[in-house]
Amino acid sequence: MMTRLLFACTVLLGSINSWADVKTFVREYTYNASENDSKVSARKAAMLQLQSLVIQEVGVQVQSSFANKETLNNDEFSRQVQANYETFSQALTQTEIIEQSWDGEKFYLKAKITVDTDNLVERIKTVYVGGQPNNGKPVNVCDARRDQVLELLREVCTDETVQNLITFSKENNFDLKCNYWQVSIMREFARSRTHDAAYRKHLFVSVDNLESGRDAGELLGEVMSYALKVQPLSEDEVMIMMENLKRIATRDVYDAIRSVVQYTQETEVKYDSELPENERHLQNYVEMEVKIEDMLRAAKRGEMGAPESLSIGQVAASAIQAAIDKQTKLAKRLYRRYHAEIEPRTAKNMAAAITQRFAKRPDDESFELLLSYFDHVKLDMHINAKFYHLLKVMQENKQNEPYFDKAFPKFIQHNRDRLAQVISGARGNKHEQQLLLVALELPAEEACDVATCARWLFDESRATQLQGAEFLYAYGRLAQPAKDDVLKKLSRIKALKTFTNDGKLVAQLFDVLSQLEAFDEQAIDLFMWGMGDADSRIQKAARASLERAGSRALTTLKKGFTEQSATAQRRLIEVMGTFTSDKAATLAFLKTVQPSTPQMKFAIEDATAALTTQ
C-alpha cells in the first residue's frame, strides 16, 4: 500500500493502450560460428540474435500505435535494436529453449520468447526521442533515460503517476553510472515522504542482488537515507543492511552509520502524539540504539566493511561523531564505553564538535559528554586551543547563560590540574590567560592578589589601572575586600568632570561593583552618573548594573533623578521599565515625571506599558 505526503514530483509518459498485453513467440535461428567461437559463445550469440529478431518483429508493429506516424523502417529499426539491445531486451519477460544443437560450425536454437509489449513501447520511446528518428545514429541510452526522468520530475504528480514512476524504477536496473536517475527518484520520494512497501522491498532486494560490493555500498547509502526519512526500517530491511555491511567499502559503512543516527527523533517525550509533526515518522531513540549496537557487535566479529573490517573503535567513533549535535545522549554513552578503543587521532578530531555543541546549546547531556571527553582525551596544542576558547566563551557569557555559571564549579572540581594545563598551554595573550586562571580560582603565578590589584587602580599608568580592574573582575566575589577602593576610584573620576573618561576602565569598574552586588546609595549614584556619559561603553555597563540592581536602586534613582540631564533621565526611565518588583512604586514615580522632550514622553509610555504587562 502506498502512502504519499506533500508530493510534487513526477509523471511518466502514459502507456500506449494498443498492444497492451503480453505476447509469446516461437522462433528459431541458426548461428554460423567463427573460428574464435566456442560452443558457449556461439550459443550466446544465437540467443542474442533470436531475441533481437523477435524484438524487431514486435517493435515494427507497435510503432503503428504512435500518434506521430513517421516511424522507423525495418532496416533502421533493426539498427536501433542492435545499438540499444540492453534497453530493448528488458521488455523480454521469459525465454524458454525448446531445442538446441551444435555441430562445431553452427548453433541451432529454437525458443519460446515472451514479450511485454507495453514495456517495449516505453523502450522504443526512450530511443525514438520525441517520436522522431535519431538520424540513424545510436542514442545514448543513459542520457535519454536521465533526461526523460528529470523532465518528468518537474511535473505535478498523482497517486497513479507515482505508481507509474515506481514501476519505471523497478523495470530498470541499479547501474548507478547509467541509471543514476534512480537516486533522483529516491531523493524526491524521501523529500515528500512517499512510502510504498513494494518499492522499498525492491530497493533493498536490489542492493542485495548487486554483485559488486562497491555498487552495493553506494546504493545502500542512498536506499537507507530514503527509507529512514520515510519510516523506520523493518526487520527484513535491517537484515539486508547488516548482511551488506560485511562487503561494502569503509566510506559506505560510515554513511550507513550516519544515516541510522541522523534520521532519528530528537525530541524525548512520553507519548508519540507529543512529538513535533516533522519527527513522528522517524525511528525513536531505542530503535536507533539497537541498530548501532548490532553494528558494534558486527565489528567485533569482523563483519563491518571490506576488504578489511572496521574495528569497534572505528564504528563507535563514527556513531559518536554523527550523534554529537542532535543525539548527544548516544554520543555520551558510546564515548564513555568505548573511549579506550578509539584512535587518539580520531578522538582529537572530535574536539571542535563537542566543544561547539556545549557552547551553542549547553545542557546536561552536552556537559556530561564534554566532561567525559575532557577527562580522557590526550591534551595537546589543538585540544588546548579548543578548550581554552570554550572556557573564554563560558566566562564572557556566564551572566547571559545561567548554565555556564552552573557548569564552572563542577568543571573545575573534577579537572583543576588539566584545566590549568589547558589554559597555560594554549597559544594566546598571557594576560588573558592569567585572568582566566584567576576567574576559575586556579593558580596564576603572574596575577596580582586582591589587595595589590586594588592599589593598581591608583597607579600613574593607565594600563596598570586597567589591569588591576580586570583582575578584580576576574576574582568575582573574592574581590569583595576591594569594594571601597573601586568606589573611591570611580568617585575621583566622577569628581574630575572631564569631558571624556577612560571608557574601558570605568566600564570594567562598574562590572566589578555589579558582580559584587554593590547596590548601595553611593554605587547607584555612580551608575546614574554613568548613564549620562558620552562613552557608549560606560552607558552600557551602567545600564546593565542598574538592571541587575532592579528595584533596589529605586529610592536612590528617585532622589537623584532631577539632577540628571534629559538624556540620562530618558535612559533611567528605560531601566525602570525592566523592574520585576516594586512595580506599583515605580509606576507611581513615573506618573510624577514631567517629560521635557518627546523622547522622554515615549520612554515613560513604554516603561509604563512594560510594568503593567509583565
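Visitor: Which residues of helix 23 meet helix 25?

Guide: In this predicted model, helix 25 brings Q522, A523, D525, L526 and W529 to the contact. Facing them from helix 23 are L487, L490, S491, I493 and K494.

Visitor: How are helix 23 and helix 25 oriented to each other?

Guide: Helix 23 spans residues 483-496. Its axis lies 11 Å from that of helix 25, at an angle of about 40°. Angles under 35 degrees would count as roughly parallel, and 65 to 115 as roughly perpendicular. The two helices are therefore oblique.

Visitor: What is the angle between helix 25 and helix 26?

Guide: Helix 25 covers residues 521-531. Its axis and that of helix 26 are 8 Å apart. Helix 25 passes helix 26 in a left-handed crossing. The packing angle is about 140°.

Visitor: Which residues lie closest to the centre of the largest pocket?

Guide: The pocket holds about 1500 Å³ of space. Its lining has 38 residues. The closest to the centre are Q395, E396, Q399, Y473 and Q515.

Visitor: How many residues of the lining of the largest pocket are charged?

Guide: Elements giving two or more residues to the lining include helix 18 (381-397) and helix 26 (536-549). By class, 15 lining residues are nonpolar and ten are polar. The charged ones number 13.

Conventions:
Residues are numbered from 1 along each chain as its sequence is written. This is a predicted model: local features need pLDDT of at least 70, side-chain atom pairs count only at pLDDT 80 or more; totals for chains, interfaces and linings use all residues. Side-chain values use heavy atoms; hydrogens and water are left out. On a 1 Å grid over the protein atoms alone, a cavity is a set of points where a 1.4 Å probe fits but cannot get out, and a pocket is an open set with protein on both sides within 12 Å along at least five of seven lines; lining residues have an atom within 4 Å of a point. Grid points are joined across faces, edges and corners, and a volume is the space filled by probe spheres set on the points. Helices (H or I, at least four residues) and strands (E, at least two) are DSSP runs, numbered from the N terminus. Ala, Val, Leu, Ile, Met, Phe, Trp, Tyr, Cys and Pro count as nonpolar, Asp, Glu, Lys and Arg as charged, and the others, Gly among them, as polar. Axes are lines fitted to C-alpha atoms, for helices over the stretch in contact, and angles run from 0 to 180 degrees between N-to-C directions. A crossing is left-handed if the near helix is turned anticlockwise from the far one by less than a right angle, and right-handed if clockwise. Angles under 35 degrees count as roughly parallel, over 145 as roughly antiparallel, 65 to 115 as roughly perpendicular and the rest as oblique. Contact means heavy atoms within 4.5 Å.
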